[in-house]
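I opened the model to look up its fold, its ligand shell and a few single residues. My notes follow in the order I took them.

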Amino acid sequence: MTKKHSKLEAINLDAYYGDFHALKGINIAMEEKAVTAFIGPSGCGKSTFLRTLNRMNDYIDGFRIEGQVLLDGRDIYAADVRVDELRKEVGMVFQKPNPFPKSIFENVVYGLKIQGIKDKNVLQEACEKSLQHAALWNEVKDKLDKSALALSGGQQQRLCIARALAIQPSVILMDEPASALDPISTAKIEDLIHELKKDYTIVIVTHNMQQAGRVSDHTAFFYMGELVEYSKTKTMFTSPKDTRTQNYITGRFG
Ligand SMILES: Nc1ncnc2c1ncn2[C@@H]1O[C@H](COP(=O)(O)OP(=O)(O)OP(=O)(O)O)[C@@H](O)[C@H]1O
């Protein structure tokens, strides 16, 4: 079998919030068209690391990094990188579904309209394709002009995934995308992640180890700002190497 390409890579990455050293010497290469899960106790740096992957932390006063983050081999923190272009390539879905108070249609095509796309046929086609891809089309196809806020939480989260897909990213970052959802909606999101990895590289932060086990190909265990262990998910859950990983996955702390 040919080795898959490393889509995202961190090299000697340190991150700071002011004086606080939040990420310490992270080295990791994440495979293309696969799911990588970040696990670890609260406050260990999972979200911080996820957000360095599309420069979401740039907005935070006092935040800085040292080291490199490479997307397809290119440093995303290099001076010539346009952050708006980067975010088209690396989309993000948050913990709480955050649809805009607009129609379902307007939510999905929002990013395309910002890019200046006005052609109705193009927008309609993109809307249908994204909703199909997010496994929501059948539930909403007859009410595209209705408010997105009238959807259930699980539908709203799939709508947010459709909104992210519409701008055709190659990577989707998901920060605990199912933690605010009921078990049935969670299962739908997990099925969807499974489908999406055929076309996208997915990085997911999750508190739920069963979920990491179900959805991810590789798992990275973080502890106090360090990447302690990174391996195939099966290997991590059956034979963790580090005692800290062992303690965490057996529920001894966290
Ligand atoms: N905006 C911020 N300013 C200062 N410190 C921050 C900020 N955001 C996070 N931190 C700190 O950085 C550390 C890592 O936080 P982060 O949110 O990345 O952890 P996490 O592993 O995702 O936690 P959780 O699972 O609880 O979401 C924590 O100690 C946190 O207090």
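**Ground rules.** I call two residues in contact if their C-beta atoms, placed from the backbone, lie within 7 Å. Helices (H or I, at least four residues) and strands (E, at least two) are DSSP runs, numbered from the N terminus. This is a predicted model: local features need pLDDT of at least 70, side-chain atom pairs count only at pLDDT 80 or more, and totals for chains, interfaces and linings use all residues. Residues are numbered from 1 along each chain as its sequence is written.

**Entry: helix α3.** I started with helix α3, residues 104–114. I call a residue buried if 20 or more other C-beta atoms lie within 10 Å of its own, exposed if 12 or fewer, and partly exposed in between; the C-beta atoms are placed from the backbone. By that count, the buried residues of α3 are I104, N107, V108, V109, G111 and L112. I looked up what they pack against: α4 (120–133), α5 (137–140) and α6 (153–166). Just after α3, I noted a positive phi of about 95° at G116.

**Entry: whole chain.** I counted 10 helices and 10 strands in the chain. Of its 254 residues, 42% are buried. I then took contacts between residues at least 6 apart in sequence; 67% of these join residues at least 24 apart. The C-alpha trace spans about 55 × 45 × 40 Å along its principal axes. I checked the radius of gyration, taken over C-alpha atoms, against the globule rule of 2.2 Å times the number of residues to the power 0.38. A compact globule of 254 residues would have a radius near 18 Å, and the chain agrees because its own value is 18 Å.

Entry: I looked up the domain annotation. An unreviewed UniProt entry lists residues 8–249 for "domain: ABC transporter". UniProt positions are given in the numbering used here, feature names are shortened, and annotations may be inferred rather than shown by experiment. Over residues 8–249, I read 38% helix and 27% strand for the chain. The end C-alpha atoms of that range are 25 Å apart.

Entry: I take two strands as paired if DSSP finds at least two bridges between them. On that basis 4 strands form an open sheet, in the order β2-β1-β4-β5, with antiparallel pairing. Its edge strands are β2 (20–31) and β5 (74–75), each of which pairs on one side only. I then went through the pairs. β1 and β2 run antiparallel and are joined by 8 bridges. In β2, I28 stands opposite A10. The hairpin of β1 and β2 has 2 residues between the strands, and G18 there takes a positive phi near 60°. β1 (residues 6–17) also pairs with β4 (residues 63–71), antiparallel, over 8 bridges. I found L8 opposite L71 in β4.

**Entry: strands β6 and β7.** Which residues cover the two faces of β6 (residues 90–93)? I found V90 and M92 on one side and G91 and V93 on the other, all buried. β6 pairs with β7 (residues 171–175) in the parallel sense, over 4 bridges. V171 in β7 is the bridge partner of V90.

**Entry: ligand shell.** I count a residue as near a molecule or strand if its C-beta atom, placed from the backbone, lies within 6 Å of it. I found 13 residues around the ligand; the closest are Y17, S42, K46, S47 and T48. β2 and α1 (46–52) each supply at least two residues of this shell. α1 gives the most, with 3 residues. Ala, Val, Leu, Ile, Met, Phe, Trp, Tyr, Cys and Pro count as nonpolar, Asp, Glu, Lys and Arg as charged, and the others, Gly among them, as polar. I sorted the shell on that scheme: 5 nonpolar, 7 polar and 1 charged.

**Entry: K188.** I located K188 in helix α7 (residues 183–196). Is K188 buried or partly exposed? K188 is partly exposed, because 19 other C-beta atoms lie within 10 Å. Leaving out residues up to four places away in sequence, K188 touches A135, G154 and R158. K188 and A134 are 54 residues apart in sequence and 9.8 Å apart in space, C-alpha to C-alpha.

Entry: E176 has a positive phi near 45° and is found in the loop between β7 and α7. E176 is buried, because 21 other C-beta atoms lie within 10 Å. M224 has a positive phi near 50°. I placed M224 in the loop between β9 (218–223) and β10 (226–232). M224 is partly exposed, with 14 other C-beta atoms within 10 Å.
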